[in-house]
Amino acid sequence: EPAVRRHEVAMRQFVGGKVPLGLKRKGMRVLVTGGAGFVGSHLVDRLLERGDSVIVVDNLFTGRKDNVVHHFGNPNFEMIRHDVVEPILLEVDRIYHLACPASPVHYKYNPTNVVGTLNMLGLAKRINARFLLTSTSEVYGDPLQHPQVETYWGNVNPIGVRSCYDEGKRTAETLTMDYHRGANLEVRIARIFNTYGPRMCIDDGRVVSNFVAQALRKEPLTVYGDGKQTRSFQYVSDLVDGLMRLMEGEHVGPFNLGNPGEFTMLELAKVVQDTIDPNAKIEFRPNTQDDPHKRKPDISRAKEHLGWEPKIPLHKGLPLMVSDFRKRIFGDQDSAAT
Ligand code: NAD
Ligand code: UDP
Ligand code: UDP
């Protein structure tokens, strides 16, 4: 026994935290930037479940400690409060780069998409980690092709109010491909379509969280414009599954990850009424500038190369989110769900 212990101590000093050749690690060391956010925290759950060690880097701008607090005390979990706009030194095998203020009310305040992505690419290059960028369907802008295929270059206003998000993510994709070609970095790009589920920010202005919170609070559902614009809504567990398949698969992408089920905002309001309160009223508001008219992913590429497709339709996923929102809004322990 003492010999084993001596060996352990010596190994630890010798490798300085790195695993020497020939010694197989149990899981991988994974960095999740934005891991205290909505999507990131669900990804962290799955990675820890499968035996990886996870480091979350998050400045808690839109994320919350509550989303990951159930892992505090787990030796395989670590959280660093840090803004990715500043450089950082870490040693990991995989980087899921999600850090980004993702809703219109937040994203205009922050150069995260460009500077943060550059730093995380620099980090990935130094330590030779595989890097996954969570890009967005917004790179297609107000699309002139429907549904959107990955080969479509998009229709984006470079100087509009949404541009720092759309163009920021487009630049992030460019940087990612430049590091791939120029520094031989292993990269993956996901273009995520509208995603919903438990732990979504309650008041960040996105349509599903707005409608659900409004219906629960007995406020009217605010439909912007004529409500005939469409979106496709994906449940968060489907997305996390897609991200992990993409990371561990062989293909760079970009891959659309979204649910092809397409709804107008009026149809979405109806599903929310059916799920929460049939008497919920609808109130029309002026639409925001440059709002895309339609959005629906073509997911043939992900089906073929990742063997992935979403499994949870809106009417099944929405109730799972509603019980989480109910608990967070009213503190109702009985309807707890994660
Ligand atoms: P979120 O706001 O819940 O999560 C983003 C996280 O990043 C938060 O925890 C926030 O605190 C953190 N963050 C923001 N700026 C940071 C910075 N400078 N340094 C460190 N941390 C920072 O949003 P989400 O919905 O979970 O989105 C995750 C990723 O997925 C984002 O990159 C987003 O662009 C992308 N995405 C999401 C959707 C969606 O519908 N949810 C759609 C398309 C793309
Ligand atoms: N970077 C980082 N952590 C690292 C390595 C790099 O945060 O471990 C940052 C670094 O500060 C730089 C960016 O990543 O701003 C890009 O790094 P790279 O080495 O690619 O570019 P260079 O520093 O040569 O311009
Ligand atoms: N929207 C709405 N009511 C709201 C919030 C948003 O009708 O309370 C509309 C918005 O105009 C857009 C759609 O819902 O057409 C999706 O908006 P969101 O901000 O959720 O996502 P994105 O526009 O980024 O796809």
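Two strands count as paired when DSSP finds at least two bridges between them. Keep that in mind for the sheet below. The model on screen is predicted.

**Whole chain**

Start with everything shown as cartoon. The chain holds ten helices and 13 strands. Colour by burial next: 43% of the 338 residues are buried. Take the contacts between residues at least 6 apart in sequence; 78% of them join residues at least 24 apart.

**The seven-stranded sheet**

Now select the open sheet. Its seven strands run in the order S3-S2-S1-S4-S5-S6-S11, and the pairing is parallel.

Zoom in on strand S4 (residues 94–97) and strand S5 (residues 130–136). The two run parallel, joined by four bridges. Pick Tyr96, then its bridge partner in S5, Leu132.

**Ligand 1**

Select ligand 1 and the residues around it. There are 30, and the nearest are Gly34, Gly37, Val39, Thr62 and Gly63. Which elements supply at least two residues each to this shell? They are helix H2 (38–49), helix H4 (112–127) and S5. H2 gives the most, with three residues. Colour the shell by class: 14 residues are nonpolar, 14 polar and two charged.

**Ligand 2**

Move to ligand 2. Show Pro87, Ile88 and Leu89, then Leu118, Asn119, Gly122, Leu123, Lys125 and Arg126; these are the residues around this ligand. By class, the shell around ligand 2 has five nonpolar, two polar and two charged residues.

**Ligand 3**

Finish at ligand 3. Of the 14 residues around it, Arg206, Val207, Asn210, Thr222 and Tyr224 come nearest. Helix H6 (207–216) and strand S8 (221–224) are the elements that give two or more residues to this shell. Which element gives the most to the shell around ligand 3? Strand S8 does, with three residues.

Key. Residues are numbered from 1 along each chain as its sequence is written. Chains are lettered from A and ligands numbered from 1 in the order in which they are written. This is a predicted model: local features need pLDDT of at least 70, side-chain atom pairs count only at pLDDT 80 or more; totals for chains, interfaces and linings use all residues. A residue is near a molecule or strand if its C-beta atom, placed from the backbone, lies within 6 Å of it. A residue is buried if 20 or more other C-beta atoms lie within 10 Å of its own, exposed if 12 or fewer, and partly exposed in between; C-beta atoms are placed from the backbone. Two residues are in contact if their C-beta atoms, placed from the backbone, lie within 7 Å. Ala, Val, Leu, Ile, Met, Phe, Trp, Tyr, Cys and Pro count as nonpolar, Asp, Glu, Lys and Arg as charged, and the others, Gly among them, as polar.
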